[in-house]
Amino acid sequence: MKVSELLQALELEVHCAGNGEADVFCGVVGDLLSFVMGHAPEGATWVTIQNHVNVAAVAVLREIPLILLSDGRKPAPELVERCRSETLALASSPLSAFELCGKLYGLGLKG
Amino acid sequence: MAAPYVVEFEVEKDDFLAAGEGSGSVKDTLKMLGMHSAIIRRAAIITYEAEMNLVIHGGGGVLKVLITPERIEIVSSDEGPGIPDVEMAMREGFSTAPDRVREMGFGAGMGLPNIKRNSDSLSIDSTVGVGTTLRAVIELAGQGGSV
């Protein structure tokens, strides 16, 4: 699934559109940055409540094209800025991480 | 043997805004050198975790990456407080990070285990009150691509 398709399919507040053509095959959920750093599969979307700039660093290094902030968390301005400069997609949702992951799974993304 | 290609950068204490930028430049260099994506992934994890250790624990320091056709050697040096018990620090889940850092999703005691898991060899030389030098090596042995 393309990042742009995923952003359209869910009711999200999009902060950065990123690379809409990037493929997303699967997902990872977690708020411990070293866990995501060590375990994120290739082509994953990342669901987290962490909303600070270091999230972008992990996403860049693990080639995560789409970051989804759950539970109504809004990104820090520095995170939006970094995502923009790194062409990462960043969006937030009022849904809990559990519900958001359920929707992503329903769209065909696997763990 | 040819002289290694070297990437070196300074890491500032508590600079969470810049954290990860140095690791990003290492990743870009390895890509430019045509390294295999699995090797780049391992090197990115090691450099990022080492960089964060310098930010959080080491009081800042220097990260140096030496690249040859045979291996990638990642050396992190600081003049911070040192690690009293390296064996304990290597245990998954053990961390001395303060609460404010944990709330950001760091300090889960996964950094050094992540480095070890992605290294072919790892050594940590630390003296309390003097500092810490970490050396992690990824052997390329025909899988790294051209340098």
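View 1. Lys74(A) counts as partly exposed because its relative accessibility is 46%; the class covers values between buried (under 20% relative accessible area) and exposed (over 50%), found with a 1.4 Å probe on protein chains only. This is a predicted model, in which local features need pLDDT of at least 70, side-chain atom pairs count only at pLDDT 80 or more, and totals for chains, interfaces and linings use all residues. Residues are numbered from 1 along each chain as its sequence is written, chains are lettered from A and ligands numbered from 1 in the order in which they are written, and side-chain values use heavy atoms, with hydrogens and water left out. Lys74(A) forms a salt bridge with Glu13(A), and their closest N and O atoms are 2.5 Å apart. A salt bridge here is a side-chain nitrogen of Lys or Arg within 4 Å of a carboxyl oxygen of Asp or Glu. Lys74(A) lies in the loop between strand 4 (66-69) and helix 4 (77-85) of chain A and Glu13(A) in strand 1 (residues 13-17), so the pair ties together parts 61 residues apart in sequence. Helices (H or I, at least four residues) and strands (E, at least two) are DSSP runs, numbered from the N terminus. Glu13(A) is partly exposed, at 39% relative accessibility.

**View 2. Glu63(A) with two lysines of chain B.** The side chains of Glu63(A) and Lys27(B) meet in a salt bridge of 2.9 Å, N to O. Glu63(A) also forms a salt bridge with Lys31(B), with the closest N and O atoms 3.1 Å apart. Glu63(A) lies in the loop between helix 3 and strand 4 of chain A, and Lys31(B) in helix 1 of chain B, so this pair joins two chains. Glu63(A) is partly exposed at 44% relative accessibility, and Lys31(B) is partly exposed at 46%.

**View 3. The boundary between chain B and chain A.** Here 22 residues of chain B are in contact (heavy atoms within 4.5 Å) with 21 residues of chain A. The two chains bury about 1800 Å² between them, 57% of it on carbon and sulfur atoms; buried area is the accessible area (1.4 Å probe) that two parts lose on being put together, summed over both. Four salt bridges are counted between the chains.

**View 4. His52(A) and its surroundings.** His52(A) is found in the loop between strand 3 (44-48) and helix 3 (54-61) of chain A. Its relative accessible area is 12%, so His52(A) is buried. Apart from neighbours within four places in sequence, His52(A) is in contact with Leu33(A), Ala76(A), Leu79(A), Met104(B) and Phe106(B).

**View 5. Helix 5 of chain B.** Six of the eight residues of helix 5 of chain B are buried, among them Leu112(B), Pro113(B) and Ile115(B). What covers these buried residues includes helix 2 (33-39) of chain A, together with helix 2, helix 3 (86-89), strand 4 (121-127) and strand 5 (131-139) of chain B.

**View 6. Glu92(B) and Arg117(B).** The side chains of Glu92(B) and Arg117(B) meet in a salt bridge of 3.1 Å, N to O. Glu92(B) lies in the loop between helix 3 and helix 4 (99-102) of chain B and Arg117(B) in helix 5 of chain B, so the pair ties together parts 25 residues apart in sequence. Glu92(B) is partly exposed, with a relative accessible area of 47%.
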